[in-house]
Amino acid sequence: MHLTLTEQNNWIYLNIKDNGQGFNLAENTTGFGLQGIRERTEALDGKLEIISKPQQGCEIKLTFSPPFTP
């Protein structure tokens with residue numbers, strides 16, 4: 001797994017990437033992990049992008065615009 005957290009001009013970027021099994025986003029309807037990430041990102045007015053394909057790993061990109069206040 002590769003995790004990157006950066007800040008540029010008060011924007012915060014979090015990128016999580018692995019080379020695991022991946023999954024089909026259209027078919028992933030169980031569990032609360034991604035749902036929880038989505039809800040917390042929205043609560044902070046952030047943007048969430050999930051890129052995943054079976055057998056090709058998964059990448060989760062989070063972006064938070066200024067002003068960011070936890």
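Student: Which strand is S52 found in?
Tutor: S52 sits in strand β3, residues 47-52. Strands here are DSSP runs of E, at least two residues, and helices are runs of H or I, at least four, numbered from the N terminus. This is a predicted model, where local features need pLDDT of at least 70, side-chain atom pairs count only at pLDDT 80 or more, and totals for chains, interfaces and linings use all residues. Residues are numbered from 1 along each chain as its sequence is written, and side-chain values use heavy atoms, with hydrogens and water left out.

Student: Is S52 buried or exposed?
Tutor: S52 counts as buried because its relative accessibility is 11%. Buried means under 20% relative accessible area, exposed over 50%, and partly exposed in between, with a 1.4 Å probe and protein chains only.

Student: What does the side chain of S52 reach?
Tutor: The backbone nitrogen of F23, at 2.9 Å. A polar atom of the S52 side chain also lies 3.2 Å from the backbone oxygen of G57. Polar contacts are pairs of N or O atoms within 3.5 Å; within protein, one must be able to donate a hydrogen and the other to accept it, and residues adjacent in sequence count only if both atoms are side-chain atoms.

Student: And which residues does S52 touch?
Tutor: Leaving out residues up to four places away in sequence, S52 touches G22, F23, G57 and C58. Contact means heavy atoms within 4.5 Å.

Student: Switching to pairing: how many bridges join β3 to β4?
Tutor: There are 6, and the two strands run antiparallel, with β4 covering residues 58-64. Two strands pair if DSSP finds at least two bridges between them. E49 stands opposite K61 in β4, and K47 is opposite T63.

Student: What about the hairpin of β3 and β4?
Tutor: It has 5 residues between the strands, and Q55 takes a positive phi near 65 degrees.

Student: What order do the strands of the sheet have?
Tutor: β1-β2-β4-β3, in an open sheet of 4 strands with antiparallel pairing. The edge strands are β1 (2-8) and β3, each pairing on one side only.

Student: Where does helix α1 pack?
Tutor: On the sheet: α1 (residues 33-43) touches β3 and β4, and its direction makes about 155 degrees with that of β3. Axes are lines fitted to C-alpha atoms, for helices over the stretch in contact, and angles run from 0 to 180 degrees between N-to-C directions.

Student: How do the elements run from the N terminus on?
Tutor: β-β-α-β-β.
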